[in-house]
Amino acid sequence: MSTENTLEHKIDKADLEGKQEYNIIVYAENRIGLLNRIAIIFSKRKINIESLNSSASEIDGIHRFNIVINESYEVVRKLARQIEKQIEVLKVYFNTNDEIIWQELALYKVSTDEIAEKVTVERLLRQYGASAVVIRKDYTVFAVTGHREETDALVKALEPYELIEFVRSARVAIIKDSAGFHEKLKEFEAFEPGEELVENEFLDKGEKIFTM
């Protein structure tokens, strides 16, 4: 959902009374200093960011930030409004996990000898859909995509088998009921004409405009 209810979100009692995981999706111009200003909005309110991802969007020149926090509906609504006040920000949406499709990427570095000697490790990796990224004599790196619970479960499963290193990416998410930002951008352009239209607005007025 957005701060203007562009995407409808059914607010239930749990939304208003308790905290839950929210995904705040920000469409903005990719300008220096914007990410820092957004982070300050959270730090001033002592809100911890669980995950933060920045990437290109479906529109050239527009970036998309995905921020995950654990807060109440009212707090998230106010945060979204504050973020939208930034000049470079075009639109902010916030959704619960039920309203999005999301994934995280995790990498696991495991001893190659452990994999070769113990069939259990190979079975575990297959069970979790892990794919080999790098294979060396001393270690092998596997990649797994999924939800946090799934990647965490594999960490625990590999702990007895010399798990050397583990890292997980920030979350990437797509809103289920969104038609894409293209439609919203068309609304902006219809409401606020681009620079070319503004520059050419008075070209046919001649001396009426530029004489006193």
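K44, R45, R81 and K85 form a positive surface patch. Patches here take residues with over 30% relative accessible area and no salt bridge, joining like charges within 9 Å and nonpolar side chains (Val, Leu, Ile, Met, Phe, Trp, Tyr) within 5 Å. Keep in mind that this is a predicted model: local features need pLDDT of at least 70, side-chain atom pairs count only at pLDDT 80 or more, and totals for chains, interfaces and linings use all residues. Residues are numbered from 1 along each chain as its sequence is written, and side-chain values use heavy atoms, with hydrogens and water left out.

**Positive patch**

- For the charge bookkeeping, Lys and Arg count as positive and Asp and Glu as negative, while His and the chain ends are not counted.
- Each charge is placed at NZ of Lys, CZ of Arg, CG of Asp or CD of Glu.
- R45 sits in the loop between helix 2 (34–44) and strand 2 (51–56); helices (H or I, at least four residues) and strands (E, at least two) are DSSP runs, numbered from the N terminus.
- With a relative accessible area of 39%, R45 is partly exposed; the scale is buried under 20%, exposed over 50% and partly exposed in between (1.4 Å probe, protein chains only).

**Nonpolar patch**

- L105, L107, V133, V134 and V167 make a nonpolar surface patch of about 360 Å², with areas taken from the Shrake-Rupley method with a 1.4 Å probe, where for residues only the protein chains shown count as cover.
- Strand 5 (100–111) and strand 6 (131–135) each bring at least two residues to the nonpolar patch.
- L107 belongs to strand 5, and its 32% relative accessibility makes it partly exposed.

**Nonpolar core**

- The largest nonpolar core has 20 residues, and I24, V26, F42, I69 and I83 touch the most other members.
- Two or more residues of this core come from each of strand 1 (20–29), helix 2, strand 3 (62–71), helix 3 (73–84) and strand 4 (89–96).
- Helix 3 contributes the most to this core, namely five residues.
- By core we mean a set of buried Ala, Val, Leu, Ile, Met, Phe, Trp, Tyr and Cys residues joined through side-chain atoms within 4.5 Å.

**Salt bridges**

- Searching the whole structure turns up 14 salt bridges, each being a side-chain nitrogen of Lys or Arg within 4 Å of a carboxyl oxygen of Asp or Glu.
- R168 pairs with E104 in a salt bridge, the closest N and O atoms being 3.7 Å apart.
- R168 is in strand 8 (residues 163–168) and E104 is in strand 5, so this pair ties together parts that are 64 residues apart in sequence.
- On accessibility, R168 is partly exposed at 26%, whereas E104 is buried at 1%.
- R168 also meets D152 in a salt bridge, at 2.6 Å from N to O.
- D152 has 29% relative accessibility and counts as partly exposed.
- Both of these bridges fall among residues of a salt-bridge network made up of E21, E104, R148, D152, R168 and R171.
- K109 and E165 form a salt bridge too, at 3.2 Å from N to O.
- Here K109 of strand 5 is linked with E165 of strand 8, 56 residues apart.
- E165 is partly exposed, with a relative accessible area of 45%.

- V155 is a residue of helix 6 (residues 148–158), and at 15% relative accessibility it is buried.
- The C-alpha atoms of V155 and A106 are 9.7 Å apart, with the two residues 49 apart along the chain.

- For context, most residues other than glycine have a negative phi, and most peptide bonds are trans.
- K46 is not a glycine, yet its phi is positive at about 55°.
- K46 lies in the loop between helix 2 and strand 2 and is exposed, with 79% relative accessibility.
- E162 likewise has a positive phi of about 55° without being a glycine.
- E162 is in the loop between helix 6 and strand 8 and is partly exposed, with a relative accessible area of 47%.
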